[in-house]
Amino acid sequence: MKVRIRFSKKGSMKFIGHLDVMRYFQKLIRRAGIDVAYTEGIHPHMIMSFASPLGIGLTSDAEYMDIELCSMIPSAEAIRILNQAGTDEMKVTGFVQIPDGKANKAMTLVAAADYEVCFRDGHAPDFCWEEGLPDFFAQAAIPVMKKTKHSEKEVNIRPMIYDWSVSSGILYLKLAAGSAENLKPGLVMDAFLRQKGIEPDPFAYAVNRQEIYADIGTDGKKNLISLYALGSEIF
């Protein structure tokens, strides 16, 4: 039985990396007594995978992890005992059953993500930056230099920005995510500031990931649905 766990990452936990998050959940699942499945062989380990590792320093409302269970447990009970054994800064908010098969793995489904972005105290530019956003996003092309593991190349990021809005000093972005295309909100803000003649400060932004989506559209038409909505509650 395969299960998808949704959890938030807040407070001081935003400073721990992906490997530590993995170790945290391995210990949490054992402490909570969840009957999780292990791989076979000399060195068995928990069968688990994560949708999209979150960068250090970012917070999130909806991170996802898939595991396999050997016996069923109701969603409400699983959430209760996991949160009882863990910390409020890494709270489990969902526990749903997902279909079997590699095609349903969270890490292979990721297509987009929602973000909240704002400037940290004392780092906002000295002009009304919100008023410049409509012209910035109205551009047909937004070229940026994007670094890869081995090189740096110019990329048009505009097609990877699916939606945006701004309210009370917070920019809301829906961006491409996953293995095919992946756009970080900081890169969008950097491009905006550079067009205004301002060299960005990499520590200027506070970023919170709100949701992660799969694309279930056909014939080239996008139909984004949250990874959580692909599962069903266990009773």
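Colleague: Which is it for D114 and K174, buried or exposed?

Modeller: Both D114 and K174 are buried, where buried means under 20% relative accessible area, exposed over 50%, and partly exposed in between, with a 1.4 Å probe and protein chains only. This is a predicted model, in which local features need pLDDT of at least 70 and side-chain atom pairs count only at pLDDT 80 or more, while totals for chains, interfaces and linings use all residues. Residues are numbered from 1 along each chain as its sequence is written, and side-chain values use heavy atoms, with hydrogens and water left out.

Colleague: What makes D114 and K174 a salt bridge?

Modeller: The term asks for a side-chain nitrogen of Lys or Arg within 4 Å of a carboxyl oxygen of Asp or Glu. The closest N and O atoms of D114 and K174 are 2.8 Å apart, and the pair counts as a salt bridge. The two residues belong to distant parts of the chain, D114 to strand β5 (residues 110–119) and K174 to strand β9 (residues 170–176), 60 residues apart. Helices (H or I, at least four residues) and strands (E, at least two) are DSSP runs, numbered from the N terminus.

Colleague: How many salt bridges does the structure hold?

Modeller: There are nine. One of them joins the side chains of K10 and D61, at 2.6 Å from N to O. K10 sits in the loop between β1 and α1 and D61 in strand β3, 51 residues apart.

Colleague: Why is K10 called partly exposed?

Modeller: Its relative accessible area is 28%, so K10 falls in the partly exposed range. D61, at 31%, is partly exposed as well.

Colleague: How do you know that the span of helix α1 agrees with its number of residues?

Modeller: The expected span is 1.5 Å times one less than the number of residues. For the 15 residues of α1 (residues 18–32) that gives 21 Å, and the end C-alpha atoms are 21 Å apart, so the two agree.

Colleague: And which residues of α1 are buried?

Modeller: V21, Y24, F25, L28, I29 and A32. Seen down the axis of α1, these buried residues fall within an arc of 125°, so they line one face of the helix; the arc is that of the directions from the helix axis to the C-beta atoms. The face turned away from that buried side carries the exposed residues L19 and R31.

Colleague: Why is the pair of Y24 and F25 called edge-to-face?

Modeller: Rings of Phe, Tyr and Trp (its six-membered ring) pair if their centres lie within 6.5 Å; planes under 30 degrees apart count as stacked, over 60 as edge-to-face and the rest as tilted. By this rule there are nine aromatic pairs. The rings of Y24 and F25 have centres 5.2 Å apart and planes at 90°, so this pair is edge-to-face. Both belong to a cluster in which ring pairs link F7, Y24, F25 and F50.

Colleague: What about the rings of F137 and W164: what kind of pair are they?

Modeller: Their centres are 4.6 Å apart and their planes at 20°, so the pair is stacked. F137 lies in helix α4 (residues 133–137) and W164 in strand β8 (residues 161–167), so the pair ties together parts that are 27 residues apart in sequence. F137, at 3% relative accessibility, counts as buried, whereas W164, at 25%, counts as partly exposed.
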